[in-house]
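Here are my notes on the model, as numbered points.

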Amino acid sequence: MNRKWLAVYMTGSLLTGAGGAYIGMNAIYKERLESASSSSNKEDDALSKAERAYDLIVNNYVEKVDKEKLEEGAIKGMLSTLDDPYSVYMDKETAKQFDQALDPSFEGIGAEVSTEDGKIVIVSPIKDSPAEKAGLKPNDEIVKVDGKSVEGQELYEVIKKIRGEKGSKVKLEIIRSGLDNPLTISVVRDEVPQITVYSSIKKDGGENIGYLQITSFSEETAAEFKKALKDLEKSGISGLILDVRGNPGGLLTSVNSILEEFVTNDKPYVQIADRSGKKEQFFSTLTKTKEYPVVVLVDKGSASASEILAGALKEGADYTLIGEKTFGKGTVQQAVPMDDGSKIKLTLAKWLTPDGNWIHKKGIAPNLEVEQSALYQTHPLQIEETLVQEMNSEQVRYAQEILTSLGYTTDRKDGYFSSQTKTAVKAFQMKHALKATGNINATTASKMQEAVRAAMKDEENDIQLQTALHYIVR
């Protein structure tokens with residue numbers, strides 16, 4: 001089998017503190033890209049025009065010009081005409097950060113940030129990362145970093161502002177679908193380790209169900225996955241749940257190794273199409289499927305390499321996907337180094353599902369669509385002044401939503417701080433050993449958000465997971 005494509009990372013963009021987005025030069029395109037990085041006789045006319053413009057500006061502009069900035073501006077201008085958020089120029093500093101993102105752990109907020117229709121958006125926060133703990137969610141649009149607008153700025157300019165040293169804080173103003181006003185979320189940067197596989201055994205209906213969560217696809221993921229799967233099978237499982245919710249992608253070699261455990265050689269597990277439309281198909285050597293049922297959990301934070309896995313298991317192995325429609329990234333990028341240490345990350349191809357579907361900007365629909373409860377839709381509180389009875393604000397509405405999702409009775413969720421809301425707040429405060437004032441100050445707000453995070457980690461509240469368990473043992 002031709003494995004030349006399997007050294008390509010499939011994430012959409014540089015993570016702001018959570019893993020890699022690329023690995024070395026692709027063999028298929030190496031010669032082409034290297035030649036493209038230098039002058040070519042065939043391009044003399046076009047280069048002559050560009051050189052004339054460069055010389056004209058350098059030698060005649062009314063003020064002295066920074067030649068390096070002028071060159072970078074020209075490159076950015078060319079890439080901007082592609083109308084492709086994944087094809088970008090990285091200066092030396094950004095390229096260095098890009099490479100550092102391949103390390104086993106790194107410092108940042110732990111979320112992948114990309115662009116969509118000119119907007120800077122969160123693709124997905126990493127499991128247990130500072131971003132997830134602070135309440136950032138997939139599709140949150142970042143509009144300000146530390147109080148300054150990011151409008152008109154390039155993705156990597158914004159990423160450099162978000163990244164930072166462990167212990168430092170960054171304030172992100174975000175727009176979230178369904179909210180009238182932006183949210184300001186403070187995130188304390190921390191070290192984000194690349195633990196990518198979590199395994200356990202779930203019990204339902206007297207059956208032992210294996211559970212494997214993959215948070216991203218790094219160099220070690222496939223080996224971690226195979227060991228965990230082997231241990232689960234030794235223990236005697238009657239079914240398996242693969243969870244790639246919130247997984248922003250990773251290394252295609254890892255996806256390949258994992259898919260070879262599940263997809264037979266009847267269909268390709270992925271297809272790569274170049275600009276001419278020529279397709280290269282990749283097959284496993286597996287001849288028999290698993291003896292137990294397998295389901296896959298997906299959501300809108302499942303992107304790129306996660307979608308390769310989901311598409312392959314759905315179309316190539318006829319396994320059931322449960323959850324929400326995935327993110328929708330169906331392109332392949334390669335980072336090409338320049339002589340000065342900068343890089344150009346360029347989209348080179350499309351990837352297609354086993355049946356030849358291109359899921360770009362569409363996503364993959366689950367077989368069973370299941371939305372999480374209101375608990376998972378709550379928003380972080382921003383307490384600038386204590387919330388008290390008779391107040392009417394969006395923050396009160398968020399608090400009411402949190403209280404209701406935690407099982408406390410409120411008579412309204414419209415943002416008016418009623419007497420019943422105060423009673424619910426008192427009940428919450430008493431349960432959590434707080435002074436029962438019925439008012440929501442910063443301490444109570446923080447405890448409410450801790451309670452939400454704890455409730456979200458309670459598997460009984462995870463409707464998608466419970467659906468998967470019941471589906472297997474039905």
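1. Is Asp355 buried, exposed or partly exposed? Asp355 has a relative accessible area of 46%, so it counts as partly exposed. The model is a predicted one, and the values below should be read with that in mind.

2. Asp355 pairs with Lys267 in a salt bridge whose closest N and O atoms are 2.8 Å apart. The two residues sit in distant parts of the chain, 88 residues apart: Asp355 in the loop between strands S18 (343-352) and S19 (368-369), Lys267 in the loop between H8 and S13. Lys267 is partly exposed as well, at 29%.

3. A second salt bridge joins Glu261 to Lys290, with 3.9 Å between the closest N and O atoms. Glu261 lies in the loop between helix H8 (252-259) and strand S13 (270-273), and Lys290 in the loop between strands S14 (279-282) and S15 (294-298), so the contact ties together parts 29 residues apart in sequence. Lys290 counts as buried because its relative accessibility is 19%, and the cut-off is under 20%. Glu261 is partly exposed at 25%.

4. Lys227 is exposed at 56%; Asp231 is partly exposed at 38%. The whole structure has 16 salt bridges.

5. Helix H3 (residues 67-80) has 14 residues and should span 20 Å at 1.5 Å a residue; its end C-alpha atoms are 20 Å apart, which agrees. Asp66 caps the N-terminal end of H3, with a side-chain oxygen 3.0 Å from the backbone nitrogen of Glu68. Leu70, Glu72, Ile75 and Leu79 of H3 are buried.

Methods: Residues numbered from 1 in each chain as written. Predicted model: local features only at pLDDT ≥ 70, side-chain atom pairs only at ≥ 80, totals over all residues. Heavy atoms only, no water. Helix = DSSP H or I, 4+ residues; strand = E, 2+ residues; numbered from the N terminus. Expected span 1.5 Å × (residues − 1). Buried < 20%, exposed > 50% of the residue type's maximum accessible area, 1.4 Å probe, protein only. Polar contact = N/O pair within 3.5 Å; in protein donor to acceptor, adjacent residues only side chain to side chain. Salt bridge = Lys/Arg side-chain N within 4 Å of Asp/Glu carboxyl O.
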